[in-house]
Amino acid sequence: MKIKHCDDLNTLVSLSKRRGFVFQSSEIYGGLASCWDYGPLGSLMKLNVKRAWWNAMTRRKDIVGIDAAILMHPMVWKASGHVDGFSDPLVDCKSCKTRFRADNTDSYINEKKCPNCGSKDLSEERNFNLMFKTHMGPLEDTGSVVYLRPETAQGHFVNFQNCQQSSRYKIPFGIAAIGKSFRNEITPGNFIFRTREFEQMEMQYFVKPGTDAEYFNQWKEIRMNFYTKYGIKKENIKFKDHDKLAHYAKAAVDVEYKFPMGYSELEGIHNRSDFDLSQHSKFSGKNLEYFDEANKEKYIPYVIETAVGCDRLFLAFLCDAYREEITADAEGKEDVRVVLGLHPEIAPYKVAILPLSKKEELSSIAEKLRDDLAMDFDVTYDEAQSIGKRYRRQDEAGTPFCVTVDFDTINDQAVTVRHRDTMVQERIAMSQLSSYIAGKLKSF
Ligand code: GAP
């Protein structure tokens, strides 16, 4: 058997549309550039991605969760540096009207040429702020400007004292959040890799100055273990140190994943020093120092940040899980089985119930089994077409277990469980099925 892995994002775009993972936003109106909707399978899978991250963070004894508002006081973005510094250098081609970033376009950097038509008739570089602006209240004047947050992290900083005092946690401790962020990217693209509306999963770990380097290294290891635990292949993921540090960072590393377009950032791990809390202290006039009772000392904590895009991780999981198993029969005729070998916790459905026939005597058993299992797992039900075709549909959806209800079930009260990866089949008593599946899921 030959195995082919995903080497082209278009393969995933079409699988996503076909199976209901991701659809182009507003498709019936021709779509809206770089905006995507998660479909029946995609929305389930995205919840699983978020749950995996959320549990990995907030089930620790030293991390609390928050859910902060998207709209924040405009001074937040002054203090954070986003109003003055969150911009990309932009150039317009006067010939073909292409707009591109000056700092990462090779033809421009090397030859001052348009990447699209090659023209040298270009505008001056100008800075383009990536924050989306809107107005709060009925008046659209300068006093009513608010921003859609470009990162969730500022919600953690402005709630640092609220969280510390209400939870009574001592440093070191962390705050985690999942939420939408918005950036008016100049060059979005590569499917859901870079979009203008996306979801972030960020954690800020507050530590005593001087211990920051140690925690920075700890978090690198913790985050890498998270990815391999959920099945990302070790050979597809690596760290990359930043060549240039952001204004707030003392140290920074990216976790890069080998997407079909090449190694690209999946997560950022940053030592943000005391930059953010100091800035918010200065701009708000509130003292954000922490009082260490044991040592009777006050300080502004340093922050180790882990920041990953949920959509980007969703894409990495799809890329990593996708495989085509190619076999040939005696005459050399090829058969291709497309499988999403997703970790069961990430897979949209854990179980598919497939009655062998649509006859009432089987569907009544199968439907009851579906309802019973749905109390414990995400379950799907499919009775259309041949059993072979139905298995293939579930393989493409990443469903780890298919359960077939056949005519023997009526007498022996047992079903056939077929495993996605090995295609091995086992006969299991219906009364044992839920605990059997729970046990298998745990063992992954
Ligand atoms: N608070 C730090 C911060 O926001 P970042 O490196 O700008 O750091 C963190 O973003 C993560 O958010 C990135 O590693 C990426 O996974 C995700 N992300 C950033 N911009 C994105 C975009 N336009 N579309 C999708 N995901 C994005």
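User: At what angle do helix H2 and helix H8 pack in this model?
Analyst: Keep in mind that this is a predicted model. H2 covers residues 40–58 and H8 covers residues 212–229, and their axes sit 12 Å apart. The crossing is right-handed. As for the packing angle, that comes out at about 145 degrees.

User: How many charged residues are in the contact of H2 with H8?
Analyst: On the H2 side you've got Ala 52, Trp 53, Ala 56 and Met 57, and they meet Trp 219, Arg 223 and Phe 226 in H8. By class, that contact has six nonpolar residues and no polar ones. The charged count is one.

User: Is the aromatic pair of Tyr 169 and Phe 173 stacked or edge-to-face?
Analyst: The structure holds 15 aromatic pairs, and Tyr 169 with Phe 173 is one of them. Their rings are 6.2 Å centre to centre, with 85 degrees between the planes. Planes over 60 degrees apart fall in one class, so this pair is edge-to-face.

User: Which is buried and which is partly exposed, Tyr 169 or Phe 173?
Analyst: Tyr 169 has a relative accessible area of 25%, so that one is partly exposed. Phe 173 has 0%, so the buried one is Phe 173.

User: What class does the ring pair of Phe 226 and Tyr 230 fall into?
Analyst: Phe 226 and Tyr 230 are both buried. Their ring centres are 5.1 Å apart and the planes are at 55 degrees, so the pair is tilted.

User: Which ring does the charged end of Lys 238 sit over?
Analyst: The charged end of Lys 238 is 4.3 Å from the ring centre in question. That ring belongs to Tyr 263.

How values were computed: Residues numbered from 1 in each chain as written. Predicted model: local features only at pLDDT ≥ 70, side-chain atom pairs only at ≥ 80, totals over all residues. Heavy atoms only, no water. Axes fitted to C-alpha atoms, helices over the stretch in contact; angles between N-to-C directions. Helix = DSSP H or I, 4+ residues; strand = E, 2+ residues; numbered from the N terminus. Left-handed = near helix turned anticlockwise from the far one by under 90°. Contact = heavy atoms within 4.5 Å. Nonpolar A, V, L, I, M, F, W, Y, C, P; charged D, E, K, R; others polar. Phe/Tyr/Trp six-rings, centres within 6.5 Å; stacked < 30°, edge-to-face > 60°. Buried < 20%, exposed > 50% of the residue type's maximum accessible area, 1.4 Å probe, protein only. Lys NZ or Arg CZ within 6 Å of the ring centre and 35° of its normal.
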